[in-house]
Amino acid sequence: MERVYNFSAGPSTLPEKVLTQASKEMLNYRNAGMSVMEMSHRSKVYDEIIKEAEALLRELLSIPNEYEVLFLQGGASTQFAMVPLNLLSENGTADYIDTGAWSKKAIAEAKKFGNVNVLASSEDANYTYIPNLNDLTFTKDADYIHITTNNTIYGTQFNQLPNVEGVPLVADMSSNILAEKINVNDFGVIFAGAQKNMGPAGVTIVIMKKDLIKKAGDNVPTMLQYKIHADKDSMFNTPPTYSIYVCKLVFEWLKELGGIDAIEKMNRAKAKLLYDCIDESKLFKGPVKKEDRSLMNVPFITGNPDLDTQFIKEAGSKGLVNIKGHRSVGGMRASIYNAMPVEGVKALVNVMKDFEVTHG
Ligand SMILES: *Cc1c(COP(=O)(O)O)cnc(C)c1O
């Protein structure tokens with residue numbers, strides 16, 4: 001069986017080149033006589049891997065020296081708690097913008113620890129748009145403002161950032177980190193689980209302004225304190241060693257492609273192919289407000305669940321898999337992360353056009 005085009009929202013497709021490289025190095029990593037999975041995280045060989053991963057990520061995103069890069073565990077979901085546990089003060093308030101299920105979970109978690117103010121929500125239209133940022137009334141001197149930059153389930157993204165005026169902006173970038181150019185200086189904290197756009201599940205990357213890393217309260221579990229991980233260079237305990245190694249290979253692959261500028265261009269071309277197809281179609285519709293469309297996750301529906309099911313089956317028979325939409329949206333969703341080649345998107349567009357001819 002050949003490899004399929006995997007449109008999964010996460011864990012998701014990885015560059016074939018990276019998988020080939022990992023398989024070559026599986027039994028004996030660069031004459032270490034063992035795989036990366038088997039070596040001590042304190043060994044010199046592994047130290048080079050994690051340092052190189054950090055250096056590459058810093059280079060790709062132009063991360064300034066005033067920012068710490070942490071390799072943690074527990075997924076983005078653990079960050080939903082770690083952020084308020086470390087940044088939300090006893091009498092302080094954190095502002096959140098609710099743009100979908102992941103924001104909602106972040107809000108619920110933060111409410112366990114302090115005052116939360118939900119500035120706006122797009123739940124009224126099943127999260128098919130990003131609330132107007134000019135309408136927001138921020139909390140004066142909030143401890144931070146939390147946003148989900150790309151909404152994996154609904155296919156929306158912030159194409160503009162809120163004007164936070166000195167308040168740290170915390171961004172859940174799990175599904176669009178490394179997809180397009182960002183200015184790290186716009187953010188206080190960026191966090192992202194690896195399994196969408198960076199590598200295998202297991203590692204969560206946190207990019208955090210150093211002056212936000214302070215001693216947490218004594219009752220905060222040690223593993224949930226940013227300062228502990230920062231002081232120990234992400235080696236307080238055993239980090240997810242293999243996942244970090246594969247991320248390093250992905251970063252190398254990205255750099256070789258030409259970095260963020262190059263991948264952004266490819267991502268825009270891929271998204272245009274798919275959105276143009278949806279906009280020209282009389283059968284398929286995109287539920288998301290056009291200016292808020294995601295570059296990474298593209299939902300589309302026919303409006304007829306039986307036809308959707310038929311389409312998903314037909315695509316599957318042609319080797320295009322995991323395009324069933326999230327249950328809260330229905331229809332289809334194609335996740336076209338960095339590692340999805342343009343050929344995969346072209347193949348999908350062809351199946352859509354053929355399907356419209358026979359079923360439209
Ligand atoms: C997948 C996802 C999460 C959850 O990530 P875990 O690593 O499973 O905790 C959070 N936020 C966004 C935007 C996601 O896409």
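1. Helices, meaning DSSP runs of H or I of at least four residues, and strands, meaning E runs of at least two, are numbered here from the N terminus. In this predicted model, proline 239 lies in the loop that links α5 (226-231) to α6 (241-257).

2. Is proline 239 buried or exposed? A residue counts as buried when its relative accessible area is under 20%. Proline 239 has a relative accessible area of 5%, so this residue is buried. Setting aside neighbours within four places in sequence, the residues in contact with proline 239 are His41, Gln73, Ser234 and Ile244.

3. The chain as a whole may be described next. It contains nine helices and 13 strands. Its radius of gyration is 21 Å, close to the 21 Å that the globule rule gives for 360 residues, and the chain is therefore as compact as a globular protein of that length. Along the principal axes, the C-alpha atoms occupy a box of roughly 65 × 60 × 30 Å.

4. Of the 360 residues in the chain, 55% count as buried. When contacts between residues at least 6 apart in sequence are considered, 66% of them join residues at least 24 apart.

5. The surface and the charges come next. The chain has an accessible surface of about 16300 Å², and carbon and sulfur atoms account for 50% of that area. There are 39 positive and 43 negative charges, and their mean positions lie 3 Å apart.

6. Which way do the residues of β8 point? Leu169 and Ala171 point one way, Val170 and Asp172 point the other way, and all are buried.

7. Strand β11 (residues 297-300) likewise has buried residues pointing both ways: Asn297 and Pro299 to one side, Val298 and Phe300 to the other. This strand pairs with β13 (residues 332-335) in the antiparallel sense, over four bridges. Phenylalanine 300 has methionine 332 of β13 as its bridge partner.

8. Tyrosine 127 has a positive phi, near 60 degrees. This tyrosine is located in the loop between β4 (115-121) and β5 (144-148). With a relative accessible area of 4%, tyrosine 127 is buried.

9. Leucine 178 also has a positive phi, near 70 degrees.

10. Where is proline 11 found? Proline 11 belongs to the loop between β1 (5-6) and α1 (16-24). The peptide bond from glycine 10 to proline 11 is cis, with omega near -10 degrees.

Methods:
Residues are numbered from 1 along each chain as its sequence is written. This is a predicted model: local features need pLDDT of at least 70, side-chain atom pairs count only at pLDDT 80 or more; totals for chains, interfaces and linings use all residues. Side-chain values use heavy atoms; hydrogens and water are left out. Buried means under 20% relative accessible area, exposed over 50%, partly exposed in between (1.4 Å probe, protein chains only). Contact means heavy atoms within 4.5 Å. The radius of gyration is taken over C-alpha atoms; the globule rule is 2.2 Å times the number of residues to the power 0.38. Accessible areas come from the Shrake-Rupley method with a 1.4 Å probe; for residues, only the protein chains shown count as cover. Lys and Arg count as positive and Asp and Glu as negative; His and the chain ends are not counted. The place of a charge is taken as NZ of Lys, CZ of Arg, CG of Asp or CD of Glu. Two strands pair if DSSP finds at least two bridges between them.
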